[in-house]
Amino acid sequence: MPVNETLARYSDWAYASAVVIYVLAMAFYLVEQGMTKPKRQRERELVIAVASGGETVVTEGPRALPPERGISRAERIGRMGMALNVLGVLLHGAAVLLRGLATERVPWGNMYEYDSAICLVAVVTWLVLARKFDLRRLSAFVLLPIVILLFLGGTALYSTAAPVQPALQSYWLVIHVSVIAVSSGMLLVAGVASVLYLLRNAHEQNPGRFARLAARLPAADVLDRLAYRVTVLGFPLFTFGVICGAIWAESAWGRFWGWDPKETCAFVAWVVYAIYLHARATAGWRGNRAAVINVVAWVVMVFNLFFINLVTSGLHSYAGVA
Amino acid sequence: MGAKIRDLLAFLRNTWRGLTAMRTALILLALLALGALPGALLPQRQLNQFKVTQYLNEHGWWGSLLDRLQFFDVYSSVWFSAIYFLLFISLVGCLTPRTFEYLRQSTAKPVITPRNLARLPHHARGTVDLDVDQVVEASRKRLRGWRTVVREEEDGGRSISAERGYLRETGNLVFHFALLGLVVSFAIGKLFSYDGQVAVVANGTQFCNSGVLSYDEFHPGLKVDGTQLDPFCVRVNSFAATYLPTGQADKFHADVDYQSGEDLATGTWRPYDLQVNSPLRTAGDRVYLLGHGYAPVFTVTFPNGEQRTKVTPWPPADGTTLLSSGTTTFDPPDTTDQGELRKHQIAITGLFAPTAAYQGTVLSSQYPAPNDPAVAVDVYQGDLGNNSGLSHNLNSIDQSMVDQGRLVKKVRKNLKPGEEVKLEDGTKIRFDKAEQFTQLQVSHDPTQTWVLVFAVLVLVGLAGSLAIKRRRVWVRVTPAGEDEPGGRTVVEVGGLARTDQAGYGEEFTRLAAELLTGKDT
């Protein structure tokens, strides 16, 4: 089967550019972070302003501040970061698409491609959430793991464009892997939200803790709700993906479930997410404990993505890492 | 005596309560996750016996301790079974009362309107210039789709209690019962299922599912003794593989014929194009193409002129280049005397390369397709030890026989197709060519369809229980008092999410705004 070398090369270039753009966007976000004062400090300054005789009428919400010019410099830099982020996503999407066109198959047939696809889903999910819930100032924290994953993908995990082996030549490659990639991407975002929740919650209990970082985060209950809502969407999708995997395994490997390391790990992650959902409905387990469980589930997912594919050898060893 | 029985009953009751509490279920789930994890990290007998042995050899006392604790058979271990058995009981104990509660609630009216709606998490209040009855009528219309009941109140007012999202609990119960069904059918499947592997040379060789002995390896379920297998036969006519220039496999096709059921009696063969991802399903069993390799053909000419030809699959040692290793054995012809036989048995053991490459005289393979096949073999003569009654690996020779000097290496040689090597007693060994063999697996699992059905129900129930919110809204409509500004009727709305709060706020705000207008649109 031929591989279109030109398209494959363009895909690689788009990938590299996307990573660079993401790093730039992250830098802009961080500058915005650094220039934005935490709410408490802002309130203090306002009190001083009012006390010093100004007749400033302060409307609620950080958007209205500072009132002197239409858009603050921090805001402007943040928006530039967002614009770069969108450009990065477009390039990233192009890299994935061109890979698929070059090889004439779905672009998630090996570890590099899967890693790239899953990161694309995570960034797109993030952009949607950030638009909807005004979470832009968290973007750097989300982009950091993404950039690390993409860097690893482009260096250690990279494999040249090629057709996939016979075991992967099935329409289930489209369904199973895409569903798992989308749900994993969503659950990764939920996990980051829970980590931030823990930081913010600790800060709210005792303002001295994580003061520099957590003071800039949204309120704990916002983060908690974000984590929960994304999990509630991602978890059934993940379940569906696992079921699709079982159906595929039945026609490819001769059994629908065989405790292959990847299957086992998916099972463990599934059970931990089940614990999370139950914990949220159990008195005394809401809040911190539930968030910790969600973070554990997130760790299992990441572990499943990397460790299982790269270190142990099972039937899912399609990593293509030499 | 009576006291003892009472104590015992109390103990049982408390145990039951403890076991079915949510906290216990959470801990059991955590244990299940933790217990499953070693199965991903340690080699498992069920998957790879060889790796377990290797691990045991490398880790000494630590390995044998793990072995005694059943860490190499996690999913059939006592402790793993105990966890899921307890979880099972806990689940049943939790579901039974919930089912009764659910049935009771399915006909119950929404609960009475609380006296003080302002204390609820969601609350709104307003006045309108309409009659109480007009507002109640309009509100009922607006609350279509909700289960509602209108109640008269003391001070001339009326109230509506409304509730919706009953399907959440339906989904919840469906999910949990389906999960039980899935586990039960999985367990029953494990009792009655079997699978077996067999290498079949792709030159018209037949395989029949007639018994355990037809297989190279056979894994029966607990209730399978191997005597009542589903009868069918498969004939592998040819096998074709294509490879990319890198050596990566691209396509595998096995051209097979099969017969089952009535065809067995009539001798009819039906064709099937067997491929990876497309198993042959017949007679309640599935036949998979799981692998392939080469079977070198050797012809031995004995000193008396008699010839024997044998095709033996040599399993691949390298998955990419298909460098294979194996052993082909011959018994001398016309020998009934065991002593004579055991002096002249022949073993040809070594490597096969589909596309030969040499480093000096050491054979290796550079490509998986049979472009330039060659073998590098040691020929042994003597006692193979296969009559000793002890089982041994058919792919290698019995090293203990060599050590005892009862099996002697006669010659080492690289051969291309058609080339032969002569032993000192005049026996000639010729490498004719290489056939391909297919590695087939036959699987039987009578309950897997049920597992699928339950899995789909699990998914449906899960989606229902997570997407649907159970929530209540109350509307109280009372004539306005003298001191009330605005219209003549006061409308008060209160809301409560029965389950997770996330997301009810927006819906309530919208709903309350509409209800407070007192109109039905």
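Helix α9 of chain A has 20 residues, which should span 28 Å at 1.5 Å a residue; its end C-alpha atoms are 29 Å apart, which agrees. The expected span is taken as 1.5 Å times one less than the number of residues. Helices (H or I, at least four residues) and strands (E, at least two) are DSSP runs, numbered from the N terminus. Of the 20 residues of α9(A), 19 are buried, where buried means under 20% relative accessible area, exposed over 50%, and partly exposed in between (1.4 Å probe, protein chains only). The model is predicted, so that local features need pLDDT of at least 70 and side-chain atom pairs count only at pLDDT 80 or more, whereas totals for chains, interfaces and linings use all residues. Residues are numbered from 1 along each chain as its sequence is written, chains are lettered from A, and side-chain values use heavy atoms, without hydrogens and water.

Helix α5 of chain A, residues 139–155, reaches 24 Å from its first C-alpha to its last, close to the 24 Å expected for its 17 residues. Its buried residues include A:S139, A:V142, A:L143, A:I146, A:V147, A:L150 and A:G153. An α-helix has 3.6 residues a turn, so residues three or four places apart point the same way. Among the elements that cover the buried residues of α5(A) are α1 (5–35), α3 (73–103) and α10 (288–310) of chain A. In the loop between α8 (220–252) and α9 (261–280) of chain A lies A:W259. This residue has a positive phi of about 55° although it is not a glycine, and A:W259 is buried, with a relative accessible area of 10%.

In chain B, two helix pairs were examined. Two packed helices are described by the angle between their axes and the distance between the axes. The axes of α7 (residues 166–192) and α11 (residues 448–467) of chain B come within 7 Å and cross at roughly 155°. Axes are lines fitted to C-alpha atoms, for helices over the stretch in contact, and angles run from 0 to 180 degrees between N-to-C directions. The helices α7(B) and α11(B) are therefore roughly antiparallel to each other (under 35 degrees counts as roughly parallel, over 145 as roughly antiparallel, 65 to 115 as roughly perpendicular and the rest as oblique). The residues of this contact between α7(B) and α11(B) divide into 14 nonpolar, seven polar and one charged. Here Ala, Val, Leu, Ile, Met, Phe, Trp, Tyr, Cys and Pro count as nonpolar, Asp, Glu, Lys and Arg as charged, and the others, Gly among them, as polar.

The axes of α2 (residues 22–36) and α5 (residues 78–105) of chain B come within 10 Å and cross at roughly 150°. That makes α2(B) roughly antiparallel to α5(B). By class, the contact of α2(B) with α5(B) has 12 nonpolar, two polar and no charged residues.

Individual residues of chain B were also considered. B:H292 lies in strand β11 (residues 285–301) and counts as buried at 10% relative accessibility. Leaving aside neighbours within four places in sequence, B:H292 is in contact (heavy atoms within 4.5 Å) with residues including B:F239, B:Y243, B:L322 and B:F437. B:N277, in the loop between β9 (270–274) and β10 (280–282) of chain B, is buried, with a relative accessible area of 14%.
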